[in-house]
Amino acid sequence: MISLGIESSADKLGVGIIDDTGEIFANVRRTYKPPKGSGIHPREASDFHSTYIADVIRDAYLESNLTPDEIDLISFTKGPGLGPCLRVGAVAARTLSLTSGKPLIAVNHPIAHVEIGRLIGGLDDPVVLYVSGGNTQVIAYSQGRYRVFGETLDIPVGNCLDVFGRNAGLSDKEMPMGRVIEIEAEKGSNYIPIPYVIKGMDVSFSGILTHTTKLLESGKYNIADLSYSLQETIFAMLVEVTERALAHTKKTEVLVCGGVASNNRLKKMLDEMSASHGKGVKFKGLEANLAIDNGAMIAWLGLIMYKAGNRTALSDTLVDQHFRPDDVIVNWR
Ligand code: AMP
Ligand code: MG
C-alpha cells in the first residue's frame with residue numbers, strides 16, 4: 001500500500017510518499033520565508049502554500065517515479081496549526097481524493113511526528129519531546145491514547161528563540177534562527193540568571209522571553225552570553241519535564257522531534273539525562289529532514305491509521321487549529 005501525505009500546518013509545505021514497509025519514495029518540502037524582522041504571517045504563508053502546492057505534489061511524484069494511479073491513499077494534516085495554512089493542504093487532499101477516488105485520512109500533526117520517530121528511530125514506545133516553532137509538548141502513549149504529559153502554557157520554545165533572535169537583531173536569512181542562537185551560545189560562557197519557569201509538568205516561556213529581552217536592552221550583556229544562558233535555562237526546563245514523564249511512565253526510550261530537535265546542546269542534555277536516569281534508557285534524535293515538519297510523516301500516520309481500519313468521512317475533513325493528540329483514539333498499536 002502506498003500513501004501520499006500533505007503537510008501544511010505552518011510555514012512548511014510538504015508532500016511525502018511512503019509505503020507500508022516504511023520505504024520513503026519522496027519527501028519534498030518548500031518553506032515560506034517571512035520578510036526580515038517579522039514572524040510567520042498566516043495569510044501570507046497560506047498564499048505561498050496555494051501558489052506552490054501543485055508544484056510540490058508534482059515534484060513528489062517526479063521524485064518517487066510513481067504515477068498518481070499507483071497511490072492508494074491520501075493523508076493530510078487536520079491540525080493543530082495555522083487555520084489558513086491547514087486549509088490549503090486540506091483542500092488539495094480533498095481534491096486529490098475526490099478526483100482519484102482514493103480514500104482520505106485526516107491526521108494529527110504531533111502524532112505524526114511521534115510515529116515517524118518510532119519508524120525511523122527504531123523505537124517501540126518512547127517518551128517524546130516535541131519542540132518546534134509552533135508546539136512544545138511532552139507526549140507518551142498510555143492506555144489507548146497519546147497523552148500530553150507536559151506542555152507550554154504560552155508560547156512554544158522555538159518561538160521564544162526566534163523572537164529573542166529577532167529582538168537581538170540576528171538574521172535568519174542563511175539558517176533557522178534557532179541555529180543562529182545555537183552558534184552564538186557556543187561562544188558564550190557566563191551564565192546570566194534567567195527565571196526558570198515550570199508549573200507542575202508544564203513550562204512557560206513568555207516571561208523568560210520578556211526578561212531576556214530586557215537584559216539585552218540594558219546593554220550590560222553580550223548576545224553570546226545571553227543566548228547561552230537562554231538555551232541552558234529553557235532546555236533544562238524541557239529536559240526536567242521529559243525526565244519526570246519518563247519516571248512516571250517507566251518507559252525506557254526518549255525521542256526528540258520538531259525543528260528545535262536539531263539543536264546539539266539540547267540533544268546532549270537529553271542524552272545525559274537518559275543515560276543517568278536509569279540503566280538501558282535509550283535516547284534518539286532524527287535527521288533534520290524527518291525531525292522537522294514533512295509530508296512523509298503525514299503519509300505514514302495516514303497509512304497505519306487506515307490499515308487499522310480508520311476512515312475519514314468527507315464531512316470530517318475540516319481542519320482543527322487546536323487538534324490535540326489526546327483527542328485521537330489510538331487503535332493501531
Ligand atoms: P518547526 O516548527 O518544526 O518547523 O521548527 C522550526 C523551529 O525550529 C524554529 O523556531 C527554529 O528557530 C527552530 N530551530 C531550527 N534549528 C534549530 C537549532 N539548531 N536549535 C534550536 N532551534 C532550532
Ligand atoms: Mg511540527
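**Figure 1. Buried residues of helix α5 in the predicted model.** In this predicted model, helix α5 spans residues 177-187, and its buried residues include M177, V180 and I181. E182, E184 and A185 of helix α5 are buried as well. Among the elements that cover the buried residues of α5 are α4 (157-167), α7 (223-249) and α8 (264-277).

**Figure 2. Protein donors of the magnesium ion (ligand 2).** Four residues supply the protein donors of the magnesium ion: H109 and H113, each through NE2, Y130 through OH, and D293 through OD. Along the sequence, the donor residues follow the spacing H-x3-H-x16-Y-x162-D. Because H109 belongs to helix α3 (residues 109-120) and Y130 to strand β6 (residues 127-131), this pair ties together parts that are 21 residues apart in sequence. Both H109 and Y130 are buried.

Figure 3. The side chain of T317 forms a polar contact of 2.8 Å with the side chain of R94. A polar atom of the T317 side chain also lies 2.6 Å from the backbone oxygen of L314. When neighbours within four places in sequence are left aside, the residues in contact with T317 are F76, K78, A90, R94, L104 and T312.

Terms used: Residues are numbered from 1 along each chain as its sequence is written. Chains are lettered from A and ligands numbered from 1 in the order in which they are written. This is a predicted model: local features need pLDDT of at least 70, side-chain atom pairs count only at pLDDT 80 or more; totals for chains, interfaces and linings use all residues. Side-chain values use heavy atoms; hydrogens and water are left out. Donors are N, O and S atoms within 2.8 Å of the metal (3.2 Å for Na, K and Ca); water is not among the atoms, so sites may look incomplete. Helices (H or I, at least four residues) and strands (E, at least two) are DSSP runs, numbered from the N terminus. Buried means under 20% relative accessible area, exposed over 50%, partly exposed in between (1.4 Å probe, protein chains only). Contact means heavy atoms within 4.5 Å. A polar contact is a pair of N or O atoms within 3.5 Å; within protein, one must be able to donate a hydrogen and the other to accept it, and residues adjacent in sequence count only if both atoms are side-chain atoms.
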